[in-house]
2 protein chains.
Amino acid sequence: MKRIVVEKKILEKNDDIANQIRKTLDSNHIFGLNVMSSPGAGKTTLIERMVEIFKSKYKIAAIDGDLDTQRDAQRIAALGIETVQINTSGACHLDSSMVYKALNDITLDLDLLIIENVGNLVCPASFYLGTHKNVVLISTPEGDDKVKKYPTMFNVADVVLINKTDIAQFVKFDVEKVENEIKELNPHALIYKISALKNDGLEPFLSWVESNIVSVKNQ
Amino acid sequence: MKRIVVEKKILEKNDDIANQIRKTLDSNHIFGLNVMSSPGAGKTTLIERMVEIFKSKYKIAAIDGDLDTQRDAQRIAALGIETVQINTSGACHLDSSMVYKALNDITLDLDLLIIENVGNLVCPASFYLGTHKNVVLISTPEGDDKVKKYPTMFNVADVVLINKTDIAQFVKFDVEKVENEIKELNPHALIYKISALKNDGLEPFLSWVESNIVSVKNQ
């Protein structure tokens, strides 16, 4: 029982700070997007595509979470947007206090703040970061049995992107089964099939992002 | 500081129970193997191959960790060995108390106990389960940048299996780079390139497992 109380306190404290982040985003009319998945499911490549498409039209910054190295942040910063790397020193998820500190290093004259979480299909789902929406990627080589095995993550998704459809033919992946399991678990989640690497099928997702940017801008 | 103290206490308690598990394994001459990776990197398929090869020669049982569902345990139990599913109810790793309880449901007249951890490249690395060795899988579609981004996991590996080499040609994966980064981080880890699905390249790993089974048997 003790451990549950500790976890509850940690999560409550996390939510308090996340609510402050949300107020900051709202008062500055910045759409906040939290991107989550297993390691290597394609978060950074997806963010690269988003930045390439939107950077001429919207002001974007990224916060990049990782245990160690600057590898992902360097890829995103190379596209010319403000990027802050958070190294979690072994921690398995971003929490709101890390994001709150990172926000101090970012100019808040923005339309879109993208947060790339630590590659982990479990823990990041439990830590609200004050963002408006959650995007969860599942990549075809991970297998078509993952949705019900990792229900916490798919439950918090506003959008699920089924990524790496370009190599689906080389791995065992029943798209329909995955779509049905997402719908059963979380009927409100939008589902799009994409290949971020090949820049394929991204339009409906990018339209969804843009409608959110505009909506928060006009709030 | 408070949180660090809590984590230290949790890990110390975990180690105490893990040491009891290790005593049980040693006194029964059972080789304990902890299998870890990201979701979908091929843990269950690897275990299927091990069981197929060894079940006529050695007595094997498996403990299978997952947030939810019995999917992996059902696949392993279908091969005719004793299998216990641990559902962690959202927790991101197996801890030693879960394994200790599961051991009560297993006949200890065994040569090999395989533990399949929760699919997560971060948290399971911090929780010693009393097993003799750790096997970590990294699959080619996850990308060749993962070793240094997830150093805790690769640091605790006795063996790293580079899996899904059969689809390496369809994804960006520099095998030599990954091998060099593993050697730099953890020079003691053995590295084998395999395709568990295609049953390719497994012999050196299976020999290593067998030598460990024999060694613990003769202790």
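Analyst: A residue is buried if 20 or more other C-beta atoms, placed from the backbone, lie within 10 Å of its own (12 or fewer: exposed; in between: partly exposed). This is a predicted model, so local features need pLDDT of at least 70 and side-chain atom pairs 80 or more, while totals for chains, interfaces and linings use all residues. Residues are numbered from 1 along each chain as written, with chains lettered from A and ligands numbered from 1 in written order.

Start with helix H4 of chain A, residues 96–103. Helices (H or I, at least four residues) and strands (E, at least two) are DSSP runs, numbered from the N terminus. Ser96(A), Met98(A), Val99(A) and Ala102(A) are buried there. They line one face of H4(A), because they fall within an arc of 155° (taken from the helix axis to the C-beta atoms).

Now the sheet of chain B. Seven strands form it, open and parallel, in the order E3-E2-E4-E1-E5-E6-E7. Strands pair if DSSP finds at least two bridges between them. E3(B) (82–87) and E7(B) (190–193) are the edges, each pairing on one side only.

E2(B), residues 60–66, joins E3(B) through six parallel bridges. Ala62(B) has Thr83(B) in E3(B) as its bridge partner.

H8(B), residues 203–217, lies across E1, E4, E5, E6 and E7 of chain B. H8(B) runs at about 145° to E1(B). Contact here means C-beta atoms, placed from the backbone, within 7 Å. Angles run from 0 to 180 degrees between N-to-C directions of axes fitted to C-alpha atoms, for helices over the stretch in contact.

Methods. Contact = placed C-beta atoms within 7 Å.
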